[in-house]
Structures are given as C-alpha cells and as structure tokens.
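Here's a quick tour of some side chains and who they sit beside. Keep the 3D view open and click along as you read.

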Amino acid sequence: MPLIESKLDPARACYDHTLESGLGWTHILHEGQTFRIVDLEGNQAVDTLFYNADDPSDRYSAVDTVREQGNIYLSTGTRLLSSEGNLLLTIVADTCGRHDTLGGACAAESNQVRYALEKKYMHSCRDSFLCALSCHTRDMTKRDLTANINFFMNVPVTPAGKLTFEDGISAAGRYVELQAAMDVRILISNCPQLNNPCNGYNPTPVRLLIWD
Ligand SMILES: [Zn+2]
C-alpha cells in the first residue's frame with residue numbers, strides 16, 4: 001500500500017490527547033471530523049472499534065469491510081463499513097501502510113490459551129474496552145464487543161492461510177488518519193499486552209488528535 005501523508009497541522013487540532021498504554025478511551029467523532037492516531041514510540045497495537053453514535057447495534061464490521069475492498073489489510077482508501085452496510089469512516093492518510101483486522105483483541109482467555117495458564121489474569125484489551133464502556137456509556141456492554149481493528153499491528157496471513165503474529169512494521173511517529181462519514185463512537189484499548197512480539201513486548205503511549 002502507498003504511504004499517504006496528511007496536510008493537517010497538529011497545532012490546529014480541536015482535540016489532542018496522549019493515551020498511555022493499558023488504558024481504554026472512548027469519544028464521539030462527528031460527521032466530517034478527522035481523527036488521527038499517532039504511534040508515538042513505534043509498534044504499539046491500538047485495538048479499536050467504531051459504532052454508529054446514534055445506534056451502537058450498527059457497528060464496525062470487519063467481514064463487510066474486508067469483503068467489499070477485496071483485501072484483508074487496512075490502509076489509505078479503506079472504507080470502514082458497518083454491520084448494516086453503512087460507511088462509518090474512510091482511512092484518508094497512513095504512514096504505516098498496513099493495519100490488521102483479523103487478529104482480534106487480547107482477553108483473559110487468549111492470554112491463557114496463547115501464552116500460559118498463569119497469564120490469564122494479566123491485563124487485556126477486553127478489560128480496557130469494558131472499563132471504558134462502563135465509565136462513559138449508559139447501555140453498552142460486552143455484547144457490543146465484536147471483531148476489532150488493530151492499528152499498527154502486523155498480522156500477516158501466510159500462503160497456506162495461517163494467521164501469524166509478527167514483529168511490528170510501524171515506527172515512532174507513524175500515524176493513521178480517518179474521516180468520519182457519520183457521527184461515530186470510537187472505542188480504543190491501547191493494548192497492555194506484554195507477551196506478544198507485535199509490540200516488541202513493550203506497550204507504549206499513542207497520541208489521539210481530532211480536527212473539525
Ligand atoms: Zn491487547
């Protein structure tokens with residue numbers, strides 16, 4: 001995928017927040033606004049979900065997005081579609097080049113199955129998603145957690161069809177930028193995972209910016 005830079009100036013953003021690793025975050029992005037995630041130190045995994053702000057049952061659909069673009073990786077030009085076939089956002093700039101939407105979010109269960117029995121209770125993205133939803137929404141719960149995007153995460157599929165978690169391809173300062181086609185709720189877990197080579201076993205902060 002070609003790397004596309006943005007012309008937007010961070011000094012003119014209407015929202016600018018640094019999210020530490022291990023924390024969840026949610027925010028409403030209004031139609032027409034542009035949202036940027038900056039991988040501040042490189043190779044961080046930013047687990048993300050999007051919802052129609054007016055009806056959270058209409059939410060990001062990895063299946064529809066992958067099918068419609070005929071590509072399993074996300075980058076500039078990708079139209080993020082909802083479960084009802086609506087356009088939520090479009091990726092308008094990307095200096096990383098590839099983002100995953102197959103690997104899912106880490107959870108107590110995957111910590112246990114993928115790494116070791118005693119890793120079950122380590123903090124996970126699923127916990128961060130649920131904490132953010134319970135603090136900032138009235139009626140969204142674990143039933144609203146579906147297949148997510150992992151921005152900056154490298155999860156190549158081999159010719160044999162095997163899903164592999166590989167060393168990251170992002171680097172400090174790389175970013176992805178999306179423009180909202182409707183009012184959307186963004187839900188992020190800035191992944192706390194300490195057992196996955198995707199983030200170099202070192203979770204790091206990301207910067208979140210919004211422009212009108
Ligand atoms: Zn995670």
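What follows covers ring pairs, charges over rings, a helix and a loop residue.

This is a predicted model, where local features need pLDDT of at least 70, side-chain atom pairs count only at pLDDT 80 or more, and totals for chains, interfaces and linings use all residues. Residues are numbered from 1 along each chain as its sequence is written, and side-chain values use heavy atoms, with hydrogens and water left out.

**Rings that pair up**

- You'll find 2 aromatic pairs here; rings of Phe, Tyr and Trp (its six-membered ring) pair if their centres lie within 6.5 Å, and planes under 30 degrees apart count as stacked, over 60 as edge-to-face and the rest as tilted.
- Tyr15 and Trp25 make a tilted pair, with 6.0 Å from centre to centre and 50° between the planes.
- Tyr15 sits in strand β1 (residues 15–19) and Trp25 in strand β2 (residues 24–29), so this pair ties together parts that are 10 residues apart in sequence; strands (E, at least two residues) and helices (H or I, at least four) are DSSP runs, numbered from the N terminus.
- Trp25 and Phe35 are stacked, because their ring centres are 5.8 Å apart and their planes are at 5°.
- Phe35 belongs to strand β3 (residues 34–39) and Trp25 to β2, so that pair also ties together parts 10 residues apart in sequence.
- Together, the ring pairs link Tyr15, Trp25 and Phe35 into a cluster.
- How buried are they? Tyr15 is partly exposed at 21% relative accessibility, Trp25 is buried at 7%, and Phe35 is buried at 0% (buried means under 20% relative accessible area, exposed over 50%, partly exposed in between, with a 1.4 Å probe and protein chains only).

**Charges over rings**

- The charged end of Arg98 sits over the ring of Tyr73, 3.9 Å from its centre (this needs NZ of Lys or CZ of Arg within 6 Å of the ring centre and within 35 degrees of the ring normal).
- Arg36 lies over the face of Tyr175, 4.3 Å from the ring centre.

**Helix α1**

- In helix α1 (residues 62–69), the buried residues are Ala62, Asp64, Thr65 and Val66.
- Just after α1, Gly70 has a positive phi of about 65°.

**Thr101 in its loop**

- Thr101 is in the loop between β6 (87–94) and α2 (108–115), and it is buried at 4%.
- Leaving aside neighbours within four places in sequence, Thr101 is in contact (heavy atoms within 4.5 Å) with residues including Ala62, Val66 and Ile72.
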